[in-house]
Amino acid sequence: MDRDATDLSPLRFLHTVGDPKRWHLLVELSRSDRRVGELTDLSGMPQNLVSYHLAELRRAGLVSSRRSSADGRDTYYRVDLARCAEQLSGAGDALHPGLRLRPFTTDTITIRGRAPRVLFLCTGNSARSQIAEALLQTRSDGAIEARSAGSHPKTLHPNAVRVMAERGIDISERATKHLHRVARTRFDRVITLCDKVREICPEWPGQPTTSHWSMPDPAAGADTDEGSYPAFVRTADELETRVALLIAELTAQSPERRAS
């Protein structure tokens, strides 16, 4: 994370995100990790201006970047929504303690009268997408139907089983599967976790909302399973945060929630 300081003052945070152009970029990044060219198209700003505002958001620790694993010339940007929540809550608390943000409570989550269906995709369906699927199923207490698949399925990675077992979730009996097996299912949200899969992701029936979480393969770059395990821990930690935010988003969109 690119940060000039561990914590922003409330005024500096509000000044940083209060710029309409930076706010627009944050909104777009809250929906999906994106490249500069995509942000240029979505915002209508020239590339140099997008890059300038991204640099300001990175200096504030609100946005980070990583090289694409599909094309090393590309860079994906992502917003740190957990940090944004901390800063928003802190700004409210600084004005008045009664304005501190409170987390979502568990509610019945429905879309069109049924449980939302979410699909996670990566290349091998051996780690990232399997972890995300299991976390979403468990953390939503089954209120959300989660599936996962891969473009080139491999054997479930033992470190994925291990890292989830340490979180009290057993995925040892889960099978990996090709995305063709779910291609005719209607999902409400399709989330790609691998830059390579994003480039070849097919069209899905029902026009689901699509998002990209640009995450490196935790098994890459290590000679042994033990050597790669810290990367699996980091992957699971990041997915815990992203999945929690996804549950909150789907809860907020539920008709029961909006009517309350």
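Guide: Two residues are in contact when heavy atoms of theirs lie within 4.5 Å. The model here is predicted: local features need pLDDT of at least 70 and side-chain atom pairs count only at pLDDT 80 or more, while totals for chains, interfaces and linings use all residues. Residues are numbered from 1 along each chain as its sequence is written, and side-chain values use heavy atoms, with hydrogens and water left out.

Visitor: How many helices and strands are in the chain?

Guide: Helices (H or I, at least four residues) and strands (E, at least two) are DSSP runs, numbered from the N terminus. This chain has 10 helices and 6 strands. Its radius of gyration, taken over C-alpha atoms, is 19 Å, close to the 18 Å that the globule rule (2.2 Å times the number of residues to the power 0.38) gives for 260 residues, so the chain is as compact as a globular protein of that length. Along the principal axes, the C-alpha atoms fill a box of roughly 50 × 45 × 35 Å.

Visitor: What part of the residues count as buried?

Guide: Buried means under 20% relative accessible area, exposed over 50%, and partly exposed in between, with a 1.4 Å probe and protein chains only. Of the 260 residues, 44% count as buried. Among contacts in the chain with a separation of 6 or more, 67% are between residues 24 or more positions apart.

Visitor: What do the buried residues of α3 pack against?

Guide: Helix α3 covers residues 36-43, and its buried residues are Val 36, Glu 38, Leu 39, Thr 40 and Ser 43. They pack against α2 (20-31), α4 (47-59), β2 (75-79) and α8 (195-200). Just after α3 comes Gly 44, with a positive phi of about 75 degrees.

Visitor: Is Glu 38 buried or exposed?

Guide: Glu 38 has a relative accessible area of 17%, so it is buried. Leaving aside neighbours within four places in sequence, Glu 38 is in contact with Tyr 76 and Arg 198.

Visitor: Which residues is Tyr 77 in contact with, leaving aside its neighbours within four places in sequence?

Guide: Tyr 77 is in strand β2 and counts as buried at 11% relative accessibility. Its contacts beyond those neighbours include Leu 29, Asp 33, Val 36, Leu 54 and Val 63. The C-alpha atoms of Tyr 77 and Ile 200 are separated by 20 Å, and the two residues are 123 apart along the chain.

Visitor: What should the 12 residues of helix α6 span?

Guide: The expected span of a helix is 1.5 Å times one less than its number of residues. For the 12 residues of α6 (residues 128-139) that gives 16 Å, and the end C-alpha atoms are 16 Å apart, which agrees. Helix α5 (residues 81-95), with 15 residues, reaches 21 Å from its first C-alpha to its last, close to the 21 Å expected.

Visitor: How many residues of α6 are buried?

Guide: In α6, 9 of the 12 residues are buried, so the helix is largely enclosed by the rest of the structure. Asp 141, which follows α6, has a positive phi near 55 degrees.

Visitor: What covers the buried residues of α5?

Guide: The cover includes α1 (10-18) and β2. The buried residues of α5 are Arg 83, Cys 84, Gln 87, Ser 89, Ala 91 and Gly 92.
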